Amino acid sequence: MRILIATLTAVFVLVGALAAGTGAFAEEPVWTKGKITKVKPDQGKVTVKHEEITNLDMPAMKMVFRVEDAALLAKLKTGEEHEFYFVKENGRFTIKSIKE
Ligand SMILES: [Cu+2]
């Protein structure tokens, strides 16, 4: 019985992590094309006109994202187009990485 409960718990944890989208498990980035229209380095904010973000269930639009990684922020320039990995982290829409 104890093994069954442990197995069920593991299954629920796995399903929960998958449902949350950004779980405890390492995952493959979902790349979304976008164009940077504004960079505010002092605020750690970047405005991106992005295509549909399937991993966030979000249609195409222009919006502000946070960039927590200073090294990544330094790479982002107005007018550039990239493929971005957008996530929702601590309730904030964030640029996690760009395709190099
Ligand atoms: Cu958006």
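1. Asn90 counts as exposed, with 7 C-beta neighbours inside 10 Å. Asn90 is in the loop between strand E4 (81-89) and strand E5 (92-98), and its phi is near 50 degrees, a positive value in a residue other than glycine.

2. A word on what you're looking at. This is a predicted model, where local features need pLDDT of at least 70 and side-chain atom pairs count only at pLDDT 80 or more, while totals for chains, interfaces and linings use all residues. Residues are numbered from 1 along each chain as its sequence is written.

3. Asp57 also has a positive phi, about 55 degrees, although it is not a glycine. Its place is the loop between strand E2 (45-50) and strand E3 (61-66). Asp57 is exposed, with 8 other C-beta atoms within 10 Å.

4. On the overall layout, the protein chain has 2 helices and 5 strands, running α-β-β-β-α-β-β from the N terminus on. Both element types are DSSP runs numbered from the N terminus: helices are H or I with at least four residues, strands are E with at least two. Buried residues make up 15% of the 100 residues in the chain.

5. Val67 is a loop residue to check out: it lies between E3 and helix H2 (70-75), yet it is buried, with 23 other C-beta atoms within 10 Å. Val67 and Gly44 are 23 residues apart in sequence, but their C-alpha atoms are 5.4 Å apart. Setting aside neighbours within four places in sequence, Val67 is in contact with Gly44, Val46, Leu72, Leu73, Leu76, Thr94 and Ile95; contact here means C-beta atoms, placed from the backbone, within 7 Å.

6. Now the largest nonpolar core, which has 11 residues, Val67 and Val46 among them. E1 (31-40), E2 and E4 each supply at least two of its residues, and the largest share, 3 residues, comes from E4. By definition, such a core is a set of buried Ala, Val, Leu, Ile, Met, Phe, Trp, Tyr and Cys residues joined through C-beta atoms within 7 Å. In soluble globular proteins, nonpolar side chains tend to be buried together.

7. Last, contacts. Val46 touches Ile36, Lys38, Val39, Phe65, Val67, Leu76 and Ile95, not counting residues up to four places away in sequence. Across the chain, residues 24 or more positions apart account for 50% of the contacts with a separation of 6 or more.

Technical notes:
A residue is buried if 20 or more other C-beta atoms lie within 10 Å of its own, exposed if 12 or fewer, and partly exposed in between; C-beta atoms are placed from the backbone. Two residues are in contact if their C-beta atoms, placed from the backbone, lie within 7 Å.
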